[in-house]
Amino acid sequence: MVISIDSNSGFCFGVTSAIRTAENELQKGSLYCLGDIVHNGQEVARLEMKGLSTIDYDDLRTLPPHSRVLLRAHGEPPSTYWIAQQRGIEIIDATCPVVKKLQDRIRACYEAHKNDENLPPQIVIYGKPGHAEVIGLQGQTNDTALVIESAEQLDRLDFSRPIYLFSQTTKSVEGFNRLVEAIKLKIEDLRLKISFEYHDTICRNVANRVSQLQAFARSNDLVIFVGGSKSSNAKVLYQHCLEANPNTLFVSSADELNNLTTKWSDSEAGLRIGICGATSTPLWLMEKVKEEIEKTQ
């Protein structure tokens with residue numbers, strides 16, 4: 001067998017920076033993280049072994065003063081900073097710079113238009129409701145922003161008001177463009193004269209992975225996609241991988257390979273197996289999967 005790991009897979013810049021920050025801060029003493037630092041159980045467990053404690057919002061409200069809390073790459077709403085300040089908690093902010101810039105843009109838009117009494121603005125976020133990043137983005141608008149996932153949800157928009165459209169950083173560029181065109185067409189069909197501004201705020205480092213991943217998948221006979229079960233990015237990228245190569249399998253850890261060895265153990269010599277993953281998948285985990293496959297040769 002020829003086994004290779006996709007060089008474009010693995011942590012994105014924001015996640016890499018957050019994990020590096022966590023490792024550095026752990027050398028100084030105890031550290032909490034608000035939510036899983038990354039949607040990958042294996043990586044979360046590794047950092048917990050180093051002393052990182054994962055907490056939720058209820059825990060945040062009961063931490064003693066001077067506790068140190070890391071904010072992950074997804075970002076947080078203003079209310080999180082306010083709670084920390086009230087309790088005397090030290091915040092280590094590892095928000096991804098791309099997400100932070102988007103938060104600033106949405107907040108600036110909200111502040112500039114929130115007092116438009118005649119035509120109150122409508123800030124719309126193309127994203128996944130309940131996603132950690134989206135919660136942080138909504139918080140920039142005092143939770144007034146509307147979140148939609150596709151053009152099929154246009155009936156939720158009020159077309160009598162100006163529309164300001166932004167996107168979660170990890171969403172599909174194609175999906176965003178379809179949404180923009182659908183809104184334009186709706187405005188044209190209704191012969192409306194409302195203002196419509198749209199801002200493509202998708203991280204290209206993440207968006208470009210689709211084409212790269214599919215090219216990698218097509219270059220192999222069998223693909224092992226490694227991703228966390230809680231990661232929405234992993235689920236999306238896995239589907240793109242599956243489209244390019246139907247012989248794609250999803251695993252969250254090397255242990256899950258035990259039931260899959262028949263997929264390659266009886267195959268002809270020269271089988272090309274590719275290993276890839278999501279933006280939340282650590283390289284060490286993909287390497288471990290490779291080692292486990294090599295043991296079956």
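Colleague: Where is the place of glutamine 138?
Modeller: Keep in mind that this is a predicted model. Glutamine 138 has its place in a helix, and that helix is α6.

Colleague: Does glutamine 138 count as buried or exposed?
Modeller: Its relative accessibility comes out at 18%. The cut-off for buried is under 20%, so glutamine 138 counts as buried.

Colleague: Which residue has its backbone oxygen 3.4 Å from a polar atom of the glutamine 138 side chain?
Modeller: Skip the neighbours within four places in sequence, and glutamine 138 is in contact with Ile125, Asp143, Thr144, Ala145 and Val147. The backbone oxygen lying 3.4 Å from a polar atom of that side chain belongs to alanine 145.

Colleague: How do α5 and α6 run, roughly parallel or roughly antiparallel?
Modeller: The axes of α5 (residues 97–113) and α6 (residues 132–139) come within 8 Å and cross at roughly 30°. Angles under 35 degrees count as roughly parallel, so α5 and α6 are roughly parallel.

Colleague: How many nonpolar residues are in the contact of α5 with α6?
Modeller: From α5, Val99, Leu102, Gln103 and Ile106 meet Glu133, Gly136 and Leu137 in α6. By class, that contact has 1 charged and 2 polar residues, and the nonpolar ones number 4.

Colleague: Over in helix α7, is isoleucine 187 buried or exposed?
Modeller: Isoleucine 187 lies in α7, residues 173–189. Apart from neighbours within four places in sequence, isoleucine 187 is in contact with Phe159, Leu192, Ile194 and Phe196. Its relative accessibility is 10%, so isoleucine 187 counts as buried.

Note on methods
Residues are numbered from 1 along each chain as its sequence is written. This is a predicted model: local features need pLDDT of at least 70, side-chain atom pairs count only at pLDDT 80 or more; totals for chains, interfaces and linings use all residues. Side-chain values use heavy atoms; hydrogens and water are left out. Axes are lines fitted to C-alpha atoms, for helices over the stretch in contact, and angles run from 0 to 180 degrees between N-to-C directions. Helices (H or I, at least four residues) and strands (E, at least two) are DSSP runs, numbered from the N terminus. Angles under 35 degrees count as roughly parallel, over 145 as roughly antiparallel, 65 to 115 as roughly perpendicular and the rest as oblique. Contact means heavy atoms within 4.5 Å. Ala, Val, Leu, Ile, Met, Phe, Trp, Tyr, Cys and Pro count as nonpolar, Asp, Glu, Lys and Arg as charged, and the others, Gly among them, as polar. Buried means under 20% relative accessible area, exposed over 50%, partly exposed in between (1.4 Å probe, protein chains only). A polar contact is a pair of N or O atoms within 3.5 Å; within protein, one must be able to donate a hydrogen and the other to accept it, and residues adjacent in sequence count only if both atoms are side-chain atoms.
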